Each structure stands twice: as structure tokens, then as C-alpha cells.
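Have the structure open as you read.

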Amino acid sequence: MKTIVILNLKGGVGKTTTATNLAYELSNVGETLLIDADKQGNSTEFYGIRDFKYGLGDVLTAKTAADACALRATLPALRTNGKPYPHLRVLPSDYRLMKSNISLLLDTSSGRDKRLRRYLAENENTFDFVVVDCAPDIDMASINALMAADLALVPITLDKNARKGLSEVWEQITAAQQENPKLKAHVIITRYRPDQAAKAAENTDLALLGSGIRESTVKVENSNDAGTPLSVSSRWSNAARDFRALTDDVLEVLGYEQPLPL
């Protein structure tokens, strides 16, 4: 099992779009779990989950890994027609996650930052890939995600505020690497225009992964509104091609050699 975390303190950089599309592409390679670690629940709703009893918050506050697994909190990711996507499940969230974050913050027991790691260890043989969509915040859910991750991806745009909050994100990643030395971290550039391509080279000090995701505003908006991955709704759009290329880059970083058809 390999776990990929998508995080940035800055909003509007395409975290959820990256997480939902990367999870779909990885599900074409192996069994994939998308974890919604944002109380807004956008990844949850994207895949058609509107009502659920247990979610990430319950997993994080369960007393033991066995208790967390007993919740059977993961649900099938749904197409717009209500049929499940094969090989893709979701561990959902909504505003109840806020209470769980506070509960963990007040918890003085050891290991509160490794609850997700222990849960995923119990599911090692169930999933090949895990993608975590984090909130624009360094909360206990995000810290748990970093402690369990093999790869952290930080989406950024090329606007004047692109680096806002980046130093704090990298500081948290560096701190997590002290206890999770397998954790690698890369920046991906999202929503860039062709005339901005050269500007990407200015960010090489931030460990860029791949060539990024080109702007495809209408296609992405339609995809997000419909709750449909880009490779399903608009396979030959620039953004869909770029997400498939990004998935290949992720697989390569994680040690896989199974490229997706572009």
C-alpha cells in the first residue's frame, strides 16, 4: 500500500480536483481508497456520497485499529447514475470531522498523530493506493495523514500569492519526516496557462514533480459540477491528459512501472 497526501494551506489551488482525479486514475491500476480529510466534504460529495453514518472522524477517534475497522466506514465511490466505480472507495467526511480534530487535539495519550497509520496498516492487504485530500489547514487529520504517507503533493498556482503558506507546509512536512522517514514531498503546478510554462522553471527549488496541470477552466468546472473524473467526462482535454501524466509521475516516484495510456 502506498499513501499520497494532497495538502496546501492556500485555497483555490486545486487540492480536491487533484485528489479526486488522482484517486480515479490510480483505481485503474489497483484498489484505491480516497480519504476526505477536509470537513467541507467536497471529495465525499464529488463521488456521490451524501449521507453516511461513520467517516474519517470516527476512524481517528476509535480506541483501537480493530474498532476503527469494525465501523466499516469506507463506501463505494459512485458514478452520477448511482453505480459504483470499480476499485475505488471513499472514507468520507463532513463537518463532524471538526469535533474529531478538537477531540484529538485535547487527547493527551501517545500516538494520537498515528491513528490513521494504524488504521491503514490494518487494511494493508485491502488497498494498493490511498489518496488523502487534506483541508487548507494543519489540523490533526492532516498531521495524521502526513504520518501515514509515502508521498506528499503540494499543488501551487503561478500567481503572485503562490508561495503564501508554503514555508509552513514544508516545515510541517519536514517535522513529519523525522518520525516518518519514508515520506517524500513534491510540488505540482496546477491551472497554468501555456504562456506561463517557462515560469515553472523558477520554482525548481521546490522539488517539482512533472510538468503540472494545464488550465482547462470550463472542462474542470463541468467535471467538478457533475462529480465526474476528467478522464470520464472529457478524456482528451488538457487537464485530463495532464492528470494521467501526473499519475504516471506519482507511480514512478513510488517505484511502480505501469504507465497509464495518455
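What follows covers the model itself, then pockets, then a residue in a strand, then salt bridges.

## About the model

This is a predicted model, so to speak of local features we need pLDDT of at least 70, and side-chain atom pairs count only at pLDDT 80 or more, while totals for chains, interfaces and linings use all residues. Numbering starts from 1 along each chain as its sequence is written, and side-chain values use heavy atoms, with hydrogens and water left out.

The largest pocket comes out at about 310 Å³. (A pocket here is an open set of points on a 1 Å grid over the protein atoms alone, where a 1.4 Å probe fits, with protein on both sides within 12 Å along at least five of seven lines; lining residues have an atom within 4 Å of a point.) Its lining has 18 residues, with G14, T17, R191, V220 and N224 nearest the centre. At least two lining residues each come from α1 (15-27), β7 (184-192), β8 (213-214) and α9 (217-226); helices (H or I, at least four residues) and strands (E, at least two) are DSSP runs, numbered from the N terminus.

The second largest pocket has a volume of about 190 Å³. It is lined by 15 residues, and N42, E45, F46, N224 and G227 sit closest to its centre. Here α1, α2 (42-46) and α9 each give at least two lining residues.

## A185 in its strand

A185 belongs to strand β7 and is buried at 14% relative accessible area (buried is under 20%, exposed over 50%, partly exposed in between, with a 1.4 Å probe and protein chains only). Beyond its neighbours within four places in sequence, A185 touches L151, A152, W170, I173 and A207, contact being heavy atoms within 4.5 Å.

## Salt bridges

There are 6 salt bridges in the structure, each a side-chain nitrogen of Lys or Arg within 4 Å of a carboxyl oxygen of Asp or Glu. D113, K114 and E179 form a network of them: D113 pairs with K114 at 3.3 Å, and K114 meets E179 at 2.8 Å, N to O. K114 is in the loop between α5 (96-106) and α6 (115-122) and E179 in helix α8 (residues 166-179), so this pair ties together parts 65 residues apart in sequence.

Another bridge joins D150 and K182 at 3.5 Å, N to O. D150 is in the loop between α7 (140-148) and β6 (151-156) and K182 in the loop between α8 and β7, 32 residues apart. D150 is buried at 8%, whereas K182 is partly exposed at 45%.

Technical notes: Points joined across faces, edges and corners; volume = space filled by probe spheres on them.
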